[in-house]
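Keep the 3D view open and try each task before you read its solution.

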Amino acid sequence: MWPRLRNREEDGPMKMIMAVIKPFKLDDVREALTALGVQGLTVTEVKGFGRQKGQTEIYRGAEYQVSFLSKVKIEVAVPSDLAEAVVEAISRSAVTGKIGDGKIFVLDIDRAVRIRTGETDAAAL
Amino acid sequence: MMIDRSAARICRPALPAAVAAFMLIAAPAFADDAPTKIDSGDTAWMLTSTALVLMMTIPGLALFYGGMVRKKNVLATLMQSFTICCLVTIVWAVAGYSLAFTNGNPYIGDLSRFMLNGLGETWDKPFTLGAGSDNASPFTIPETVYMMFQMTFAIITPALIAGAFADRMKFSAMVIFMVLWSLLVYSPIAHWVWSATGWVGALGVIDFAGGTVVHINAGIAGLMCALMLGKRVGYGHDNMAPYNVGYAVIGASLLWVGWFGFNAGSAVSSGGRAGMAMAVTQIATAAAALGWMFAEWAAKGKPSVLGAISGAVAGLVAITPASGFVLPGPSIIIGVAAGVICFWAATSLKHMMGYDDSLDAFGVHCIGGIIGALLTGVFSYGPLSATSSSPQGSPGGLHQLELQGIGVISTLVYSGLMSLVILKIVDLVIGLRVTQEEEVEGLDVVLHGERLG
């Protein structure tokens, strides 16, 4: 059902999964990722639009078409072999079936460092 | 028979010139008012009212307006109210009070109270407004309290104008404009309507707490500012949504509660008149808020918070001139009329006419003030407007309505023209408006070097 990531030989050891989701789905996604063993993630409050239209606000007769909707962006860095499972987990937990559910992007990570210990790459995740 | 002489100093009924001349010869027919003493109840209430009315400006109006502008201008807007409070306090103490409330001539007072000269001698004596004239009103409070109470009115009136020039006026220009406006527009009109010798009051125009002196005055001055300054950059297509409607709700609520000092305090006494004024103030305001709310619900599909509080303010404005003269039933009518008509003025009329009255100083205060001033002429209840010199009062009817019309028109004309003149002078000398770049950047950082979080 979900598009499968193919582990190509030239893939690096790590992937950054970036997902823009509906804010109220954040808790469900977090639980799903924790269940997978993901140990950390970064969350940002963002605004955006896709196919979902905004709302009209009216202040004393002046109408404003507000195109930007509030979303939440999650970024999680994982070893490449976990990437597909993470994508599936986010997809399944963030979906509502209505327009505006969001998107997931998978990016390569060149390097990673754990600041406290100096560990690099997979050991840093 | 002890007639209630704590009638508001504003409701002096008509003394046509010929009768006045006769009365002067017949001398103190009105000094049958026996000397009064300072009444601690009246004074306590008036001290409280003064504080309530000051609260209406800081922080009531400051937050009401501050919440409605964009984030980059919030501090500048708060600063306007706060600074006007400080400026007018000094101007009033130095000359404004004297020009407004001493006898002088029918058009302006004299300088006998320049620098509040004389208050050192009268500080513990009951104050008589218009002592020495044929229209004296003995009060039961000290003059310091009367002067202070009136000061808070002199403060809030120019602060209301700021609603029209929000987001684009230079601070330096505003300071100069406000000082001149207070002396050249507010004091004269206050003198005309409320002093013992003022010509508008002498005609029989009644204005309990400032429909003309405060609201029509500020509203028309606001319209002049809006026209002289021009529209904000991006007006009509940029998003100018309020930064924080929550601030505006807090501000409006402080205005509502403070207004009890404004209206019930205009009784200059603590008793039946103040009680009735408070009652009709509450009832009219609630009716107006609901009027605006339902009108908006019907017209736009949703009743907004901003609309509800705006309706309440419109009701407060409209009941202001009427508060000491009407009964509760008519106050509902006044409220609903203000709520619905001001809704139309602040939404449709403004966009039809194309002026940028940013925060509806004209649409709410001028229009609301006119509605209230005129309906006072319709609904005034004789016994409430009765005084020792006019026991039958000023009952509502066609004659009183005509008189009210004169009061409305004279305020509109004088304030409108004089405000334009002052604006023009200030514009020629230092310029009224910030540059386009400064306006886009935001007044907070450009004018005051500060930023809201």
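Predicted model: local features only at pLDDT ≥ 70, side-chain atom pairs only at ≥ 80, totals over all residues.

Two strands count as paired if DSSP finds at least two bridges between them.

**Exercise 1. Work out the strand order of the open sheet in chain A, and which strands stand at its edges.**

Step 1. Begin with the inventory: chain A has two helices and six strands. Read from the N terminus, they come in the order β-α-β-β-β-β-α-β.

Step 2. Four strands form an open sheet with antiparallel pairing, in the order S2-S5-S1-S6.

Step 3. Strand S2 (42–48) and S6 of chain A each have a single partner strand, so they are the edges, and one side of each has no neighbour in the sheet. From one strand to the next, the twist averages 25°.

Step 4. Helix H2 (residues 80–94) of chain A lies across S1, S5 and S6, running at about 10° to S1(A).

**Exercise 2. Compare the radius of gyration of chain A with that of a compact globule.**

Step 1. For 125 residues, a compact globule would have a radius of gyration near 14 Å.

Step 2. Chain A has 17 Å instead. The C-alpha trace of chain A spans about 60 × 35 × 25 Å along its principal axes.

**Exercise 3. Describe how helix H13 of chain B packs against H15(B) and against H8(B).**

Step 1. For H13 (residues 361–379) and H15 (residues 398–429) of chain B, the angle is about 155° and the axes are 7 Å apart. That angle makes H13(B) roughly antiparallel to H15(B), and their crossing is right-handed.

Step 2. Look at who makes this contact: H13(B) gives residues including B:Ile370, B:Leu374 and B:Val378, while H15(B) gives, among others, B:Leu401, B:Gly405 and B:Val408. Sorted by class, the contact has seven nonpolar, six polar and no charged residues.

Step 3. Move to helix H8 (residues 211–229) of chain B. The axes of H8(B) and H13(B) come within 8 Å and cross at roughly 145°, in a left-handed crossing. Among the residues in contact are B:Gly211, B:His215 and B:Gly219 of H8(B), and B:His365, B:Gly369 and B:Ile370 of H13(B). They divide into nine nonpolar, 10 polar and no charged residues.

**Exercise 4. Decide how helices H9 and H10 of chain B are oriented to each other.**

Step 1. The axes of H9 (residues 245–264) and H10 (residues 272–300) of chain B come within 9 Å and cross at roughly 140°.

Step 2. Roughly antiparallel would need an angle over 145 degrees. H9(B) and H10(B) are therefore oblique to each other, and the crossing is right-handed.

Step 3. The contact includes B:Trp256, B:Trp259 and B:Phe260 of H9(B), and B:Ala274 and B:Met278 of H10(B). Its classes are seven nonpolar, three polar and no charged residues.

**Exercise 5. Find which elements of chain B touch chain A.**

Step 1. The contact takes 13 residues from chain B and seven from chain A.

Step 2. On the chain B side, helix H11 (305–322) and helix H12 (328–353) are the elements that give two or more residues. H12(B) provides the largest share, four residues.

Step 3. By class, this side of chain B has five nonpolar, six polar and two charged residues.

Methods:
Residues numbered from 1 in each chain as written. Chains lettered and ligands numbered in written order. Axes fitted to C-alpha atoms, helices over the stretch in contact; angles between N-to-C directions. Parallel < 35°, antiparallel > 145°, perpendicular 65-115°, else oblique. Left-handed = near helix turned anticlockwise from the far one by under 90°. Contact = placed C-beta atoms within 7 Å. Nonpolar A, V, L, I, M, F, W, Y, C, P; charged D, E, K, R; others polar. Rg over C-alpha atoms; globule rule 2.2 N^0.38 Å.
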